[in-house]
There are 4 protein chains.
Amino acid sequence: MSDGPATSLRKPRADAVRNRERVLEAAKGVFSAGGPDASLEAVARRAGVGIGTLYRHFPTREALFEAVYRREVEQLGELSEQLKNEPQPVEALRQWLRSTVEFVATKKGMTAALALAAHGKTSELTAFSSERLTKAIDALLTRAVAAGEIRADVSPEDLLRALIGMCYLHDQPGWQQSVIRLLDVFIDGLRMRGDAPPPPGGKNGSSEEAR
Amino acid sequence: MSDGPATSLRKPRADAVRNRERVLEAAKGVFSAGGPDASLEAVARRAGVGIGTLYRHFPTREALFEAVYRREVEQLGELSEQLKNEPQPVEALRQWLRSTVEFVATKKGMTAALALAAHGKTSELTAFSSERLTKAIDALLTRAVAAGEIRADVSPEDLLRALIGMCYLHDQPGWQQSVIRLLDVFIDGLRMRGDAPPPPGGKNGSSEEAR
Amino acid sequence: MSDGPATSLRKPRADAVRNRERVLEAAKGVFSAGGPDASLEAVARRAGVGIGTLYRHFPTREALFEAVYRREVEQLGELSEQLKNEPQPVEALRQWLRSTVEFVATKKGMTAALALAAHGKTSELTAFSSERLTKAIDALLTRAVAAGEIRADVSPEDLLRALIGMCYLHDQPGWQQSVIRLLDVFIDGLRMRGDAPPPPGGKNGSSEEAR
Amino acid sequence: MSDGPATSLRKPRADAVRNRERVLEAAKGVFSAGGPDASLEAVARRAGVGIGTLYRHFPTREALFEAVYRREVEQLGELSEQLKNEPQPVEALRQWLRSTVEFVATKKGMTAALALAAHGKTSELTAFSSERLTKAIDALLTRAVAAGEIRADVSPEDLLRALIGMCYLHDQPGWQQSVIRLLDVFIDGLRMRGDAPPPPGGKNGSSEEAR
DNA sequence: GATGAATGAGTCTTCATTCAT
DNA sequence: GATGAATGAAGACTCATTCAT
């Protein structure tokens, strides 16, 4: 009893918590399917709550979006932390990229999140996610570069962009395998190979102006 | 009376032709900016015609979309034909990819077209464009593979997908340079190098199931 | 058991009283600013209580309105009582009128009250206030008429109406001075002047059909 | 043929004109009854047109309001012009005031118009009407003052304010007669009488600061 | 008694689509 | 053929009111 209802201000009321959760879950699904402009009433309907309840919990579309968004981004950020301990830097990077694809594949709501990250709709939210995801990639990328395993002329921003773009097509049949294949090719392109210096003419366009 | 009430083959009437063209042009711009769901009234307004006129020429949104779409896709198809005569297969491929990026960059309406191609909204239309663009890539890809310059385990579909995805981010500052860099890395990944066989474990996920 | 479950006569419970008072105060302000249709949630917020608490004390919008209303009207009624002792009947009347203006000016909530009195929204409430205010004016008016200082062909209802109407414009800059001027002119119009009989044609329109 | 359809741009289309008129008429009634915040859907319903039609003709609530408003104000302005030719200045003024009351009484939509003029909701519109109505009164007032028939210390603004205020109560039974009586008293108060100087102390509040 | 969560009806507003001129 | 008016469905958002805690 000593640590009773010592939460923020008052009882968090059971049903309120449940409803909030339901709305988030529904929003994840609806945004995932219909994009960031999907109907909020559809979200409420799917969550089995009144539209008013949705608005009480998330007073604006952005607020709801952000709530859905952040948790997804956080998870990917945390995954990056874990993968830093993997022995093989390149494989760790590959793993993170694949996991992100998986994330999208399992409809965890990443689609909308990524779409938002892509087009800078709400700058504040985008800032957060861009930073978080960029950091996640950077951690793994830097390590692989430091190990001399991949070349240094691709920024984490570029890589994130490529990843998001590829996942953009997440509603075609077989997209997931396709993206995994493409990522592998991409990683191959990033690889340093001791015997052969990077092909002279080929990659100039990039290396010259990589920052 | 002999040619009665202007059947579909008689008198294309000058202003009708002009209006049709105007609507197409306007639609390109509007879809480009606002996506495939942009307001048709906005299109009519921009074209300087009444909304009724728009509907007369294009009875459905899809019809209009298709009309806009086809011409863009055609152009990219034709570019592919021309590039087949380039001496360097890989460079021809790179050129086509870059040109497509350029296409998007110059707001030639490709954005909406690609978006549509991406998500299979109107299957008929998608079929056409997928086929056309896939063919365009295939022509260049096959040639490079045949020349032994790039590996064979990436399908034109995959490549198209990657390209479209990367262009998806076309509203971020600097996206164009970024995409060009990424494409170069990608092409590097595709390159055959006599000295080093493709990394053993790395690309398995793809090579095993590439069709 | 004698004082069992707090019947309406037992224990007014300190916080309940305080909350009731707060709500009334808040309602005065909110109605004053936003009119009789202002948001009840705004009232609760301003009072610093939950919306449920507001509803417990005042189960309907009308109940709240009435509670706010009565106290204001009461005060003006009491003022009238006091002014009956003034030596100069006309000045007493003028004073009451000016005080009412002042009342409105100091945002004592009279605005909404008057508005309500004006348009017969809730007939019961209107009845009360009309009666009370009419009486207040009547007391002063009758006395001045009895003293032979003002003419008898204007009813307290008319006067009340004029007063309310003039105060209606209470949100224009300088309205207060304007109303005071107008009231003075009005009182001038009411004055009996031994030397000059009421202008023959002028006020007939009214005196003839006054009921 | 020479002067054929030389109207603004094209055919004003019969039904469009009719609908516009219907909407205006309906709006007059609805605003009159429910104030300037009345439901626009109610207006459309009453006009027997779709809500979309209402919006086509009047894209904003203000636009509709203005359309209703201006025509009423214009009429009162014109009435003032005519009355300037009346031989008796004071009677001309009285007549205008009474006509305005009549106007409100016959629900010509003035209610909402006046309410708007009163509270400065849309400054541009208010500016127009204030100016127009003030001018209307001024023309008559100045003339009566110049004729030495009424005193000079009441501005047209004050008078307009009093008039609007009194009409504010237009929904009480018998209000019209009441207002007419009050206006007569008021005019009496304005009258100059050679024999008796304005009561010494009484009206100072006003005369001192009249501009 | 106090609180604030839940609900849904009601408005505004936009647009796709149909049709009269 | 061109035009733009008419229509209503749909979605965002607000708030009064009820009720669980």
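A charge is said to sit over a ring if NZ of Lys or CZ of Arg is within 6 Å of the ring centre and within 35 degrees of the ring normal. The legends below describe a predicted model, in which local features need pLDDT of at least 70, side-chain atom pairs count only at pLDDT 80 or more, and totals for chains, interfaces and linings use all residues. Residues are numbered from 1 along each chain as its sequence is written, chains are lettered from A and ligands numbered from 1 in the order in which they are written, and side-chain values use heavy atoms, with hydrogens and water left out.

**View 1. Arginine over phenylalanine in chains A and D.**
In chain A, the ring of A:Phe128 has the charged end of A:Arg70 over it, 4.2 Å from the ring centre. In chain D, D:Arg70 lies over the face of D:Phe128, and the distance to the ring centre is 4.2 Å.

**View 2. The aromatic pair of A:Phe31 and A:Phe65.**
Six aromatic pairs are found over all chains when the whole structure is searched. The rings of A:Phe31 and A:Phe65 have centres 4.6 Å apart and planes at 40 degrees, so this pair is tilted. Here, rings of Phe, Tyr and Trp (its six-membered ring) pair if their centres lie within 6.5 Å; planes under 30 degrees apart count as stacked, over 60 as edge-to-face and the rest as tilted. A:Phe31 belongs to helix H1 (residues 14-34) of chain A and A:Phe65 to helix H4 (residues 61-83) of chain A, so the pair ties together parts that are 34 residues apart in sequence. Helices (H or I, at least four residues) and strands (E, at least two) are DSSP runs, numbered from the N terminus. A:Phe31 and A:Phe65 are both buried. Buried means under 20% relative accessible area, exposed over 50%, and partly exposed in between (1.4 Å probe, protein chains only). For A:Phe65 the relative accessible area is 6%. A:Phe65 also lies 7.9 Å from A:Ala27, C-alpha to C-alpha, although the two are 38 residues apart in sequence.

**View 3. An aromatic pair between chains A and B.**
A:Phe186 and B:Phe186 form a tilted aromatic pair, with 6.4 Å from centre to centre and 45 degrees between the planes. This pair crosses between chains: A:Phe186 is in helix H9 (residues 175-190) of chain A, and B:Phe186 is in helix H9 (residues 175-190) of chain B. A:Phe186 is buried, at a relative accessible area of 2%, and B:Phe186 is buried as well, at 2%.

**View 4. Helix H4 of chain C.**
Helix H4 (residues 61-83) of chain C has 23 residues and reaches 34 Å from its first C-alpha to its last, close to the expected 33 Å. The expected span of a helix is 1.5 Å times one less than its number of residues. Among the buried residues of this helix are C:Leu64, C:Phe65, C:Val68, C:Tyr69, C:Glu72, C:Val73 and C:Leu76. An α-helix has 3.6 residues a turn, so residues three or four places apart point the same way.

**View 5. Helix H8 of chain B.**
Helix H8 (residues 156-167) of chain B has 12 residues and reaches 16 Å from its first C-alpha to its last, close to the 16 Å expected. H8(B) is mostly covered, with 11 of its 12 residues buried. The buried residues include B:Pro156, B:Asp158, B:Arg161 and B:Cys167.

A residue is near a strand if one of its heavy atoms lies within 4 Å of it. A polar side-chain atom of A:Tyr55 is 2.7 Å from a phosphate oxygen of DNA strand F. The surface near DNA strand F comprises 13 nonpolar, 12 polar and 12 charged residues. Ala, Val, Leu, Ile, Met, Phe, Trp, Tyr, Cys and Pro count as nonpolar, Asp, Glu, Lys and Arg as charged, and the others, Gly among them, as polar.

**View 6. The surface near DNA strand E.**
DNA strand E is surrounded by 38 residues, the closest being A:Arg13, A:Asn19, A:Thr53, A:Arg56 and D:Arg61. An N or O atom in the side chain of A:Arg13 is 2.7 Å from a base nitrogen of DNA strand E. A backbone N or O atom of B:Leu40 lies 3.1 Å from a phosphate oxygen of DNA strand E.

How values were computed
Polar contact = N/O pair within 3.5 Å; in protein donor to acceptor, adjacent residues only side chain to side chain.
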